[in-house]
Amino acid sequence: MTRKLLALSLLLSVFTLIFSNSTLAAGSDEDKTSFIMHHVVDSHEWHFVTFGDTHVTLPLPVIVYSADRGLEFFKSSDFQNHETHKFGKEYAYEGYFIDDHDHLGRVDGASFIDFSITKNVVMMFIVLFLVAYLALSAANHYKKNGPVAPKGAAAILEPIIIFVRDEIAQKSIGPKYKKFVPYLITLFLFVWFGNLLGLIPGAANMTGNIAVTMVLAVLTFIITNVNGNKEYWKHIFMTPGVPPLMLLIIVPVEIIGLFTKPFALMVRLFVAITAGHIVILGFIALAFIFESITIGVVSTVMVTFINIIELLVATIQAYVFTLFSAMYIGSAVAEHAHDDHH
């Protein structure tokens, strides 16, 4: 297992160096770190690699709606220089432009709604398709063969499903855990696959996007509070055993706590994944900044080592996000028995 993990990490490191080298070779000597933020942030096009003056990219749909012009469809390549592949206001098309920071704008300054399919959205569709495909394949396996030894997709998913059900849902939620198992399994798989695929050179940093982690945290927040029982809400607004005057302090703190929990979920995943990507790309950039073979060798070793850690972090962060979600749900549905003298 250790050898396979090391081999995978080394493979990821080599591909990352190749992709970075190809991209930097086409750029100016003055800017050897721009590819770091290019990988971390979202984009209206999917840039894979640059060989010389050839940019290997996937133009993505740009969909906008405005009150005066209605729904309009474009592609990202309409808004860029076709030789340098740079965006800018000078390359405006049909009254719209994408600026240097990859933000869509309108020349006349009028308001509009952006429904564009960006790189992270495409990545999200890929992850959703992968999760759905594996889940349906595993379900069909058991439907055709009954309760037999798992094969294929079933062999991949069964240990994960059993682990999430028994070690996370049942232990954190209690007797009412079955109702929430489908959500927790889906959550774990979505975050896990998103983390792992994000480590592939040229892939999108989906779970390192705070909008994605925010939506996941909001889902947990909604499920937790919609299913909260009487005891849960009583503990927030009429905390047992607290003097009436102290409730003036305790109740606001409890209300704030309702929102700090999903906020912590959101930030934890976002920071852990983004920081890992930046550290890996930062070490790669050192080789091009110093233009030294020695630094290049050291960077390769460090990137390989950090990739091993990132493979583990990808799994740990999926586990932590799912575990804390289950704990929050468990605190909302738990039945608290109080003796009369309390």
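Start with the second largest cavity, which has a volume of about 80 Å³. The model is predicted, so to speak of local features pLDDT must be at least 70, side-chain atom pairs count only at pLDDT 80 or more, and totals for chains, interfaces and linings use all residues. Residues are numbered from 1 along each chain as its sequence is written, and side-chain values use heavy atoms, with hydrogens and water left out.

**Stop 1: the cavity**

Rolling a probe the size of a water molecule over the atoms shows where empty space is left. Here that is done on a 1 Å grid over the protein atoms alone: a cavity is a set of points where a 1.4 Å probe fits but cannot get out, and lining residues have an atom within 4 Å of a point. Points are joined across faces, edges and corners, and the volume is the space filled by probe spheres set on them. The structure holds two cavities of 30 Å³ or more.

Helices here are DSSP runs of H or I, at least four residues, and strands are runs of E, at least two, numbered from the N terminus. By class, the lining has seven nonpolar, four polar and one charged residues. Nonpolar covers Ala, Val, Leu, Ile, Met, Phe, Trp, Tyr, Cys and Pro, charged covers Asp, Glu, Lys and Arg, and the others, Gly among them, are polar.

**Stop 2: the pocket**

A pocket is an open set of points with protein on both sides within 12 Å along at least five of seven lines. Pick Met 124, Phe 190, Val 212, Val 215 and Leu 216, which lie nearest its centre among 18 lining residues. Two or more residues come from each of α3 (119-145), α5 (181-197) and α6 (210-226), and α6 gives the most, six. The lining divides into 13 nonpolar, four polar and one charged.

**Stop 3: Asn 209**

Now select Asn 209, in the loop between α5 and α6. Its side chain reaches the backbone nitrogen of Ala 211 at 2.8 Å. Asn 209 counts as buried because its relative accessible area is 17%; buried means under 20%, exposed over 50%, and partly exposed in between (1.4 Å probe, protein chains only). Leaving aside neighbours within four places in sequence, Asn 209 is in contact (heavy atoms within 4.5 Å) with Asp 42, Asn 120 and Phe 270.

**Stop 4: Val 64**

Jump to Val 64 in strand β3 (residues 61-66). Buried or exposed? Val 64 is buried, at 0% relative accessibility. Its C-alpha is 5.6 Å from that of Phe 115, 51 residues apart along the chain. Beyond the neighbours within four places in sequence, the contacts of Val 64 include Leu 71, Phe 74, Tyr 96, Leu 104 and Phe 112.

**Stop 5: two positive phi angles**

Finish with Glu 94, in the loop between β4 (70-75) and β5 (96-98). Glu 94 is not a glycine, yet has a positive phi of about 55 degrees; it is partly exposed, at 47%. Then click Asp 102, in the loop between β5 and β6 (104-106). Phi of Asp 102 is near 65 degrees, again positive in a residue other than glycine, and Asp 102 is buried, with a relative accessible area of 14%.

How values were computed
A polar contact is a pair of N or O atoms within 3.5 Å; within protein, one must be able to donate a hydrogen and the other to accept it, and residues adjacent in sequence count only if both atoms are side-chain atoms.
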